[in-house]
Amino acid sequence: MLPIKSTLAVIAVAIVALPDPSNAQGGRGFDIAARSDASDAGFGASSVDLTMTLMDAAGRTTSREKRIDTLEKAGEGNGDKSLTVFFSPPDVEGTALLSHARIVESDDQWLYLPALRRTKRISSSNKSGPFVGSEFAFEDLTASELGKYDYTYLETRMVDGMEMDVIECVPLYERSGYSKLNCYFDTDIYQSRKVEFFDRGGQLLKTLTLEDYREYPGGFWRPHKQTMTNHLTGKVTVIEARAYDIGVTLRRRDFEPAALDRL
């Protein structure tokens, strides 16, 4: 996930706004995003079991078990494909979400509802809605492909004892639920450590923190804990991962909408 268009105000007789070339596509902000993207290239496919814990403002929690299979993009213009399947509790068991990430187009997503035994496509106007009652929106659950945002370098600073590059990411695709995201990447292994989501009105809505990164064969890093905090409601969703299988063999046909009906 990845963009402020900064200007230099020069006051003389008039005010002249000069764009900062480091913020252009291909500038410093883009380079930071590209560096992070490149650090994960070549994993092929992965699979992981996770526990999703939902906490309301009063501290009450409910937990859900799920698996996410991911197939790396193949060819220009395509993005990663992912399949999320829930195993428990009974009210969400069998629910599945298939996502095809795009670049500047709206991502393709399909939701399988076992109670109805049918698959429905998620329209672009509904992707800012919550996914199975969590603080993650449908929009948050697809791969953040390089080129989906306008990237602007903001600063490099210490956060929790770690040096991080901060860039502002403005969505280039239509009907995003966010006006911008502030994305924090560490300068050591180039991984995403925090994302601040601003609503369409420019107010800070949610913050995602990614922790407990572990390295897997091939030099691929994965976070084992992700926490999404909603600043307006006080609700929190925590996703904790078990071990990832990197380079696992997955069938491409299982990442097509017709496969959901076979679940």
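## Close-up views of charged side chains

**View 1. Arg35 and Asp165 join their side chains in a salt bridge, with N and O 2.9 Å apart.** A salt bridge here is a side-chain nitrogen of Lys or Arg within 4 Å of a carboxyl oxygen of Asp or Glu. Arg35 sits in helix H1 (residues 28-38) and Asp165 in strand E10 (residues 162-171), so this pair ties together parts that are 130 residues apart in sequence. Helices (H or I, at least four residues) and strands (E, at least two) are DSSP runs, numbered from the N terminus. Arg35 is partly exposed, at a relative accessible area of 29%, while Asp165 is buried at 6%. Buried means under 20% relative accessible area, exposed over 50%, and partly exposed in between (1.4 Å probe, protein chains only).

As you look, please keep in mind that this is a predicted model, in which local features need pLDDT of at least 70 and side-chain atom pairs count only at pLDDT 80 or more, whereas totals for chains, interfaces and linings use all residues. Residues are numbered from 1 along each chain as its sequence is written, and side-chain values use heavy atoms, leaving out hydrogens and water.

**View 2. Lys180 meets Glu168 in a salt bridge of 3.2 Å, N to O.** Lys180 belongs to strand E11 (residues 178-186) and Glu168 to strand E10, so the pair ties together parts that are 12 residues apart in sequence. Lys180 is partly exposed, with 22% relative accessible area, but Glu168 is buried at 4%.

**View 3. Salt bridges with shared partners link Arg102, Asp108 and Arg121 into one network.** Side chains of opposite charge can pair when their charged atoms come close. The count of salt bridges in this model comes to 18.

**View 4. Arg157 and Glu155 form a salt bridge, their closest N and O atoms being 2.8 Å apart.** Arg157 is partly exposed at 33% relative accessibility, and Glu155 is partly exposed at 33%.

**View 5. Glu145 lies in the loop between strand E8 (118-121) and strand E9 (149-159).** Glu145 is buried, with 3% relative accessibility. Its side chain makes a polar contact with the side chain of Lys73 at 3.3 Å. A polar contact is a pair of N or O atoms within 3.5 Å; within protein, one must be able to donate a hydrogen and the other to accept it, and residues adjacent in sequence count only if both atoms are side-chain atoms. Leaving aside residues up to four places away in sequence, Glu145 touches Lys73, Gly79, Asp80, Ala101, Arg102, Ile103 and Tyr151, where contact means heavy atoms within 4.5 Å.
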